[in-house]
Amino acid sequence: MFGTVLVANRGEIALRVVRTCKEMGIRTVAVYSSADEDSPVVRMADEAVRIGPPPARRSYLYAPAILQAARLTGAEAIHPGYGFVSEDADFAEMCQAEGLTFIGPPPEVLAMLGDKAEALRVLSAAGLPVLPGTHRPIASAGEAVEAAAGIGFPIIVKALSGGGGRGMAIAMHPSELPEAYARARSAARAVFGDERVYLERYVESARHVEVQVLAGLHGQVLHLGARDCSVQRRRQKLIEETPVPGLPEDVAAELCERTVEAARAVGYVGAGTFEFLLDDAGEFHCIEVNCRIQVEHPVTELVTGVDLVREQLHVAATGTPGITQDDVRLNGAAIECRVNAEDPARGFLPTPGTIESLTLPAGPFTRVDDHVRQGMRVSPFYDPLLAKVSVWAPDREQAIARMERALSECVVTGPGVSTTTAFLAGLLAHPLFRDGKHTTALAETFDPA
Amino acid sequence: MAEHGDLIEAVHRHAVGFVESVGGPIRRLKVTAGEVTLEAEWAGPADSADPADHAGPADRRAPAPHGATSNGQGPDGVVSGAALVAATVDAHGTRAAVTAASQGASVTANGTAATTASVIPSPTVGTFYRCPEPGAEPFVKEGDLVTPGQQVAILEAMKLMNPIHALTAGRITRILVEDAAAVEYGQALFALEES
């Protein structure tokens with residue numbers, strides 16, 4: 001096992017990774033921007049290195065500073081968390097060149113699956129169903145119109161380097177396609193610095209289902225069940241749960257097995273998530289692979305008892321997972337809610353600022369992945385995630401009741417600061433959510449008032 | 001005593017913001033933090049920035065000076081000189097007062113409030129941008145008329161670009177924040193003369 005691991009991230013995930021490292025007796029190095037010097041991870045890690053000013057491109061995305069921090073502190077491996085450099089093939093390659101272990105898939109796999117269009121070709125070839133689409137970049141609006149004929153409307157124009165719901169535009173009818181093409185292209189250029197886009201059939205109403213896999217270097221692949229993340233707003237997940245409500249066990253098991261085969265076929269290594277849309281007709285369509293730990297991994301940890309960060313470290317250090325498929329037993333139900341600093345009453349306006357008081361949930365079978373402390377300033381430079389609240393219960397109904405109880409304990413105050421807690425509670429109480437019949441449309445159209 | 005220091009600092013900051021938002025020569029400004037009163041007296045009129053106008057003929061509209069409450073009622077505001085603001089705290093440290101005198105305090109007492117001065121505050125903590133994208137024309141310039149709902153700026157917070165809209169019709173008298181500056185929740189971004 002590694003002696004020292006550097007965590008190249010911030011917020012709750014940096015703290016979460018450091019916590020597991022501590023449990024494993026691994027020395028930790030935190031890196032932080034000047035906006036995060038009050039973050040608890042800076043004190044909890046054995047060592048902390050300031051790597052730059054608040055803008056991420058000059059700190060958490062700035063590879064030379066991260067690599068220098070690793071050199072200075074004698075780190076052997078870098079855990080990238082999620083976001084930032086976590087799926088950056090160039091960064092993984094730079095780590096290799098420096099003799100550092102990047103805790104994630106090898107650079108070739110990141111590059112292949114990071115190109116969203118190529119990923120779909122590869123996944124399709126690996127036996128997973130994918131939506132009809134071009135699966136290659138489109139060079140002009142004219143070419144888009146031509147290609148659209150073979151796909152069918154509605155169509156979504158997506159950035160090749162995209163992710164997180166950005167750099168995309170929807171055309172409901174052929175007449176809207178040239179404009180959607182132009183819009184997606186300019187957004188892709190602005191957000192990802194890569195204007196290439198491709199077309200795909202747009203599924204308006206669907207469930208978001210994903211499979212957690214864990215893979216070693218030599219084809220040892222196992223799954224840790226499926227999660228449902230259908231409660232989304234602007235493609236940002238708000239509530240995640242496992243098992244997938246209403247999905248028969250044999251159907252879920254078959255999906256997981258097919259995913260394991262595909263992960264093996266594409267040479268996947270480490271912890272990863274294969275994302276699917278489940279349409280009204282009951283068909284699965286693989287949409288992408290997230291080559292990293294997911295925000296919502298706690299729900300899987302709660303029903304399996306497996307520490308996924310520990311497994312990531314195990315694969316990175318030894319080449320094999322520390323567990324086998326037989327060790328994975330799915331038990332009970334778990335739900336996670338993301339408590340964000342946003343104001344639902346003002347169109348989900350982000351509300352960073354100084355936290356005057358903070359009461360986070362606690363109690364039986366309640367897990368909080370936190371990072372904010374009283375008096376700390378939630379920076380306007382990063383994402384609005386204040387805390388992840390996760391609960392476990394023997395079944396979904398009890399889990400929902402437990403989550404409602406947990407959210408009711410959550411109070412965060414500060415000048416101008418709002419949270420999404422009440423909005424989340426409203427979603428949990430919604431009849432469609434209660435029945436497990438909700439789709440990705442639920443949170444988009446839900447009005448808590 | 002740290003709390004008193006904070007109080008003075010907060011009062012000072014708000015007073016400066018208010019003076020800037022009025023955008024005209026303030027004669028006297030009284031701020032009481034205890035039971036929250038804000039009194040202001042200023043001299044108008046001023047339809048142009050020409051100092052000569054400040055001593056203009058007496059046939060200008062209604063008599064002045066007049067007071068205003070903290071809703072920011074103000075004059076035909078014109079920016080004229082820097083405000084001098086001083087903060088004091090009484091012996092018990094329970095009340096803070098701010099007095100302000102502007103360089104324009106000696107101008108004629110004539111003037112009226114045909115319009116109301118207000119500010120467009122920042123709805124959240126973030127980075128203020130005047131232009132839709134780098135190098136582009138700003139959304140609004142000083143002197144521009146705006147209509148309710150018109151976008152006047154972008155506030156970047158947590159990787160989201162949030163549009164800032166004018167809530168009322170009026171004229172932008174002053175832009176109070178530099179482009180790309182960090183702003184706080186509630187900070188005045190624009191001084192507006194409502195119409």
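User: How many salt bridges does the rule find across the interface of chain B and chain A?

Analyst: This is a predicted model in which local features need pLDDT of at least 70, side-chain atom pairs count only at pLDDT 80 or more, and totals for chains, interfaces and linings use all residues. Residues are numbered from 1 along each chain as its sequence is written, chains are lettered from A and ligands numbered from 1 in the order written, and side-chain values use heavy atoms, leaving out hydrogens and water. A salt bridge is a side-chain nitrogen of Lys or Arg within 4 Å of a carboxyl oxygen of Asp or Glu. Across the interface of chain B and chain A, the rule finds one.

User: Which three residues supply 52% of the area that chain B buries against chain A?

Analyst: Contact (heavy atoms within 4.5 Å) links 11 residues of chain B with 18 of chain A. The buried area, meaning the accessible area (1.4 Å probe) lost on putting two parts together, summed over both, is about 1200 Å², with carbon and sulfur atoms giving 63%. The 52% share, more than any other three residues give, comes from B:Val125, B:Met158 and B:Lys159.

User: Within what arc do the buried residues of α7(A) fall?

Analyst: Helices (H or I, at least four residues) and strands (E, at least two) are DSSP runs, numbered from the N terminus, and buried means under 20% relative accessible area (1.4 Å probe, protein chains only), with exposed over 50% and partly exposed in between. In α7(A), residues 141-148, the buried ones are A:Ala144, A:Ala147 and A:Ala148. They line one face of the helix because, by the directions from the helix axis to the C-beta atoms, they fall within an arc of 100°.

User: With which side chain does the side chain of A:Arg292 make a polar contact of 2.9 Å?

Analyst: A:Arg292 sits in the loop between β13 (284-290) and α10 (297-304) of chain A, and is buried at 16% relative accessible area. A polar contact is a pair of N or O atoms within 3.5 Å; within protein one must be able to donate a hydrogen and the other to accept it, and residues adjacent in sequence count only if both atoms are side-chain atoms. The partner at 2.9 Å is A:Glu87.

User: Which residue of β21(A) is the bridge partner of A:Arg367?

Analyst: Two strands pair if DSSP finds at least two bridges between them. β19 (366-369) and β21 of chain A pair in the antiparallel sense over four bridges. In β21(A), the bridge partner of A:Arg367 is A:Ser390.
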